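Good morning, colleagues. Please look at the structure as I speak.

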Amino acid sequence: MLRFVCLILIGCLVACGLSKPPNPSLLTVSAAANLQAVLPVMGERWERTTGGAIAFNFGSTGQLAQQIERGAAVDLFLAADQDLIEALDRQGLIRSGSKRIYAVGRIVIWQRQDSPLRLATLADLTRPEVQRVAIANPNHAPYGIAARQALESAGIWAELQPKLILGENIQQAQHYAAMGNVDVAITALSLSMNRPGRWTLIPAELHTPLTQMLAIPRHAPHPELAQAFADFITGEEGRSLLTAQGFALPPVAQP
């Protein structure tokens, strides 16, 4: 009876504009830029299912990791690089048992659909008609590191230096190409396969595997909700969405 009376009282206060029920907890998720095409879809489905709310903060993994080091209130961190999660863990900034590999990424050579260039290999980037090439900044972006490694493996990293334009993250590098500011970008398959443009897959053996890991930061405001969303990402529906966006997947069982 007391609970029933309280509910009536709250309803009356709301109707009078004197009070309102508390808002659902807002889950704050920092995520690598190569997830910008798939993670909002996951978030929408999660919100419809749970009634919760999610705010995404996309950027380069290195910069997002620095924000966590500085005390940013992040509930879940989806990195494009396992090593940076491990580095945070060594600093005591990751909740025990929350690390999980969720995907493996690939990089591609990407051009606008109307580009007159026909580029089939990395070596084609050295052709004189290719004047500008965008990659994510390898100083803090894992996909930029992979691009640099691939160019080094192809033996053209030094030769390509005068042509390189660095984006803060992989999304910005691709934006440069989409806007015509550069001729071509080395970007993520996940940002390329379901949008206008032409892309060529770069052989995976030319760079270190892009093993992507998620974790819950030690000072996450809502660790239980974060764990539930992590379970959704690595569950059947989340894995299906990741596959459709061009990611390879780790085995289902995770330590």
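By contact I mean heavy atoms within 4.5 Å. The model is a predicted one: local features need pLDDT of at least 70, side-chain atom pairs count only at pLDDT 80 or more, and totals for chains, interfaces and linings use all residues. Residues are numbered from 1 along each chain as its sequence is written, and side-chain values use heavy atoms, with hydrogens and water left out.

I begin with helix H2 and helix H8 (residues 223–233), which pack at an angle of about 115°, their axes 11 Å apart. On the H2 side, Leu39, Met42, Gly43, Arg45 and Trp46 meet Leu225, Ala228, Phe229, Phe232 and Ile233 of H8. Eight of these contact residues are nonpolar, one is polar and one is charged.

What is the crossing angle of H2 (residues 39–50) with H9 (residues 236–244)? Their axes cross at roughly 155° and come within 10 Å. H2 and H9 are therefore roughly antiparallel, a term for angles over 145 degrees. Val41, Met42 and Arg45 of H2 make this contact with Glu237, Gly238, Leu241 and Leu242 of H9.

Finally, I turn to helix H7 (residues 170–178), where Ile170, Ala173, Gln174 and Ala177 are buried, that is, under 20% relative accessible area with a 1.4 Å probe, protein chains only. Seen down the axis of H7, these buried residues fall within an arc of 95°, so they line one face of the helix. They pack against several elements, including strand E5 (107–111) and helix H5 (142–153).

Note on methods
Axes are lines fitted to C-alpha atoms, for helices over the stretch in contact, and angles run from 0 to 180 degrees between N-to-C directions. Helices (H or I, at least four residues) and strands (E, at least two) are DSSP runs, numbered from the N terminus. Angles under 35 degrees count as roughly parallel, over 145 as roughly antiparallel, 65 to 115 as roughly perpendicular and the rest as oblique. Buried means under 20% relative accessible area, exposed over 50%, partly exposed in between (1.4 Å probe, protein chains only). The arc is that of the directions from the helix axis to the C-beta atoms. Ala, Val, Leu, Ile, Met, Phe, Trp, Tyr, Cys and Pro count as nonpolar, Asp, Glu, Lys and Arg as charged, and the others, Gly among them, as polar.
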